[in-house]
Amino acid sequence: MATTVMNVNQSLVDTKVAAALRYFRPVLNSFSRGVDSSGEKIKNDSVYVPISTDPAAVSKTAGTTPTKSGSVTGTQVQLTNHYSAPWSFNEGEISGALFAEAWADKIAGACYSIAKQVIDAALGVITKANFGVGADDVLTVAPADFGQLDLGLLWGKSARKIKQRQISMGLGSEYAAALLGDSQIGQIFATDGSNFVKTGIVPNLIGMNTWAYGAFPANAEALGGAVFGQAAILVAVAPVAPLAAAGEGQIIERRIITDPDSGISCLYTSYFAG
């Protein structure tokens, strides 16, 4: 059977796209996030991102109502990073029996590439200019020397500077690899079933939402990792409005595919060229 659009398995597409988007969920959960899944946004539109602040403890006088100090605030974040990931199949270049799986893999790979661009853009704001260069702002250590002592130093710095309940620690691949190779840390986590040497998934460390990231954005900071509170970085995401662009006049299908747990979406467009 030749390759035709009839070979597309939409259920498989949705499953693989959701799995690709879920890959970045631990990182996305580190940010204050605004999600718009309406499909009505275009480049340079804005999405509202809520920022939750903890109420401050105040002295309570009997018979009075305390002044509210905690609130839900937010800001409009402009959608300036606009990404797409195109691919194509030529008629008959792959057998019909293999086409459905290959097509779904291509879509999942495209969504993965786009989601990574979103994460890179967010992590790119972690600079000395934005977060400071004081004693509690920077830890300098070579990947080969990174270990349990440095985790203690990071915990102390974050406790002094970040006054939030949810704190995240992202580690570049070289620094995560150093922890994977630290037998002392491995023994600690092996006792509670968190065998990250086996799974390759870095467990939560020093009370923080912890994740490994292949490569932090290449810039003058040369970051190997970062520790920050949820209000430190605001991320707005939305699928672009389904407006036909040049070369898309013969559209077969166009729809929004959403990861139901995070609300993150991709706009999927299929068209043919005769």
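Glu101 is partly exposed, with a relative accessible area of 39%. Partly exposed means between the limits for buried (under 20% relative accessible area) and exposed (over 50%), using a 1.4 Å probe and protein chains only. The model is predicted: local features need pLDDT of at least 70, side-chain atom pairs count only at pLDDT 80 or more, and totals for chains, interfaces and linings use all residues. Residues are numbered from 1 along each chain as its sequence is written, and side-chain values use heavy atoms, with hydrogens and water left out.

Glu101 forms a salt bridge with Lys16, at 2.4 Å from N to O. The term requires a side-chain nitrogen of Lys or Arg within 4 Å of a carboxyl oxygen of Asp or Glu. Lys16 sits in helix α1 and Glu101 in helix α3 (residues 96-123), so this pair ties together parts 85 residues apart in sequence. Helices (H or I, at least four residues) and strands (E, at least two) are DSSP runs, numbered from the N terminus. A network of salt bridges links Lys16, Glu101 and Asp105.

The count of salt bridges is six. Another one joins Arg255 and Asp14, with the closest N and O atoms 3.0 Å apart. It links distant parts of the chain: Arg255 is in strand β8 (residues 251-258) and Asp14 in helix α1 (residues 10-22), 241 residues apart. Arg255 is partly exposed at 21%, and Asp14 is partly exposed at 31%.

## Second largest pocket

The second largest pocket holds about 820 Å³ of space. On a 1 Å grid over the protein atoms alone, a pocket is an open set of points where a 1.4 Å probe fits, with protein on both sides within 12 Å along at least five of seven lines; lining residues have an atom within 4 Å of a point. Grid points are joined across faces, edges and corners, and the volume is the space filled by probe spheres set on them.

There are 32 lining residues; Asp137, Val138, Leu139, Gly225 and Ala226 are the closest to the centre. Strand β6 gives the largest share, five residues. The lining divides into 17 nonpolar, nine polar and six charged residues. Here Ala, Val, Leu, Ile, Met, Phe, Trp, Tyr, Cys and Pro are nonpolar, Asp, Glu, Lys and Arg are charged, and the others, Gly among them, are polar.

## Helix α7

In helix α7 (residues 183-190), Ile185, Gly186 and Phe189 are buried. Down the axis these buried residues fall within an arc of 100 degrees, so they line one face of the helix. The arc is taken from the directions from the helix axis to the C-beta atoms. Ser183 and Gln187 are exposed on the other side.
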